[in-house]
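The sequence and structure are shown first, and the description follows.

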Amino acid sequence: MTRLSNDPARFAAQALDGFVAAHPGLVRRVGGGVVRAAAPAPGRVAVVVGGGSGHYPAFAGLVGEGLAHGAAVGNVFASPSARQVRSVARAASGGGGILLAYGNYAGDVLNFTAARVHLEAEGVDCRAVAVTDDLASAPAEQADRRRGIAGGLVVFKVAAAAADRGLDLDEVERIARLANARTRSFGVALTGCTLPGAAAPLFAVPAGRMAVGLGIHGEPGIDERDRPGADGLAELLVDTVLAELPAGIDAPAGQRAAVLLNGLGSVKYEELFVVYRRVAELLAAAGVQVVAPAVGELVTSFEMAGVSLTVCWLTDELTPLWCAPADAPGFRRGLSATAAAPPAPVLAEEAAEPVPPASPASRAAGRRLLGALAAARDAVDAHADELGRIDALAGDGDHGIGMSRGVNAAVAAAVAAVAAGAAGAGVGTALTRAGDAWADAGGGTSGALWGVALRGAAVALGDESEPTPARVTSAVSRALADVTRVGGAAVGDKTLVDAFAPFAATLADRVQAGQPLAAAWREAAAVADAAARATADLVPRVGRARPLAHRSVGAPDAGAVSLALILAAVAPTGEEAATAPTREDAPTRAEETAR
């Protein structure tokens, strides 16, 4: 378990601050993550990687000469937000274009894709490669749906080496995709891991057994079997990885390969060396020429006792890039090939935009919004453990923690917006600020989708008009449309859309029929609650739960449950203005959220 922490909600940020303080000559802090300490080389491609905290040395520890130019770092086991990715990319950019590289998880795909779209709109040539090396997470014919685990290090390393040699963005992207296509990984877990502040591990493995085919976010394995000795484990790992060769390779004999034996957190180096001794013997017997092997903690999962094996089948082009010098805090090979350069100034966090003018009716609605967000916060905090338990059945168990981080940040941001300036923000601006804060703090898929939903509602409501029942209905419909467009889920996929869609339809129907908004909302919230419960009968078709779909049957989707919980908690009563916190209350609520 994580024994040394302060406030669990600030664990990731404090860990990143300490990491930068420990490596001042290699990295510097920027908004959303870290970049190389030296100023970007003019005209060169920048390789920006990223993902959640809890995996050190991935991702911040892989920033340095010969490796990544920057890393966007999210909360524990949660992807960085799109804004954080953009901030790091801008700081790392030398003007030659940007390659974003990340693991193929729903939250990372959402946020890195959104960042790429935004950067391209600014005129930045930006490409993206999602790492898909995990054999256990999908069959070969669905390789594009596989997760990214320790093989990401190989992809990041060769892409960054290519960029440092002056290759253009087309070539750097091609090399990264080539390495990804030729990389295979497989792992096992002997124990689960515990998130900071949590009372129990995300999953447990019975004594004498091991989970086979796990991910790096605490997801349980796809199988369980008796725990072998070190040699038996080496044989399982090698046999599994060699069973699927990339296109163009008929047999392993005569092939060169980069080999990584990765410890996931609490398997000690001596144990890894015992396993690697047998791995090396087996690969040699198969005729594989191992090139520059790496054994150690490369991509971890807090204190999880686990091991993964990665093999990247090298080409004449990839071999020198994999062997090139690197000098990053978490991965070193030889001496740095790049001369030291004067450090660039540290970039501050993006300054908050001024609060735009708003009509009195919209400002009043903004004040009522604070009461609704506070009710959502209280409901989520009261049920965070249960939401995590539901999520852990087939996912990583962090849904409750992520939702709590997100909604608390949303409350604080909305309070600050409504208290800003001479008159305060309108409801559209307050919702926008709340959505951005939720996405930044919540991270992952739920953080991204709630950020999208609140921003969509904000666009529909604006800061000028009074939020009439018809406008509120339109705002809900806009939020649903944006969530389905960005998230790619439909009714029946076992996601929050299964509760959101019937809520929006019922609300629109009742309001159009002339029912008062408060009554229509309560009736629609009841429909959403029933729909969320009904997801227990569904099999997930998208998202992190998909590889372990059978485990979630019989339990409702955590995202649908949390949505229904919030919709019921924020149901308007017609008395919001009298009960909502005033601007004078704002500092108190902000302090409460910070605690």
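## Strand 7 and its partners

In strand 12, V307 is the bridge partner of V188. Strands (E, at least two residues) and helices (H or I, at least four) are DSSP runs, numbered from the N terminus. Strand 7 (residues 183-189) is joined to strand 12 (residues 306-313) by seven bridges, and the two run antiparallel. Two strands count as paired if DSSP finds at least two bridges between them. Strand 7 also pairs with strand 8 (residues 209-212), in the antiparallel sense and over two bridges; here V188 stands opposite V212.

Seven of the seven residues of strand 7 are buried, so the strand is largely enclosed by the rest of the structure. Buried means under 20% relative accessible area, exposed over 50% and partly exposed in between, with a 1.4 Å probe and protein chains only. In a regular strand the side chains alternate between the two faces of the sheet. Both faces of strand 7 are covered: T183, S185, G187 and A189 are buried on one side, and R184, F186 and V188 on the other.

## Basis of the model

The model is predicted: local features need pLDDT of at least 70 and side-chain atom pairs count only at pLDDT 80 or more, whereas totals for chains, interfaces and linings use all residues. Residues are numbered from 1 along each chain as its sequence is written, and side-chain values use heavy atoms, with hydrogens and water left out.

An open sheet of six strands has the order 1-2-4-3-5-6, and its pairing is mixed. Its edge strands, strand 1 (27-30) and strand 6 (126-131), each pair on one side only. From one strand to the next the twist averages 25 degrees. Strand 3 (residues 46-53) and strand 5 (residues 98-103) run parallel and are joined by five bridges; V47 stands opposite L99 in strand 5.

Helix 2 (residues 82-92) packs on the sheet, touching strand 1, strand 2 (33-36), strand 3, strand 4 (70-76) and strand 5, and its direction makes about 160 degrees with that of strand 4. Helix 3 (residues 106-121) also packs on the sheet, where it touches strand 3, strand 5 and strand 6; its direction makes about 170 degrees with that of strand 5. Contact means heavy atoms within 4.5 Å. Axes are lines fitted to C-alpha atoms, for helices over the stretch in contact, and angles run from 0 to 180 degrees between N-to-C directions.

## Helix 12

Helix 12 (residues 444-461) has 18 residues and reaches 26 Å from its first C-alpha to its last, close to the expected 26 Å. The expected span is 1.5 Å times one less than the number of residues. Helix 12 is followed by G462, whose phi is positive, near 65 degrees.

## The loop at G492

G492 lies in the loop between helix 13 (469-487) and helix 14 (497-512). At 18% relative accessibility, G492 counts as buried. Leaving aside neighbours within four places in sequence, G492 is in contact with D498, L538, V539 and R541. The C-alpha atoms of G492 and P540 are separated by 8.1 Å, although these residues are 48 residues apart along the chain.
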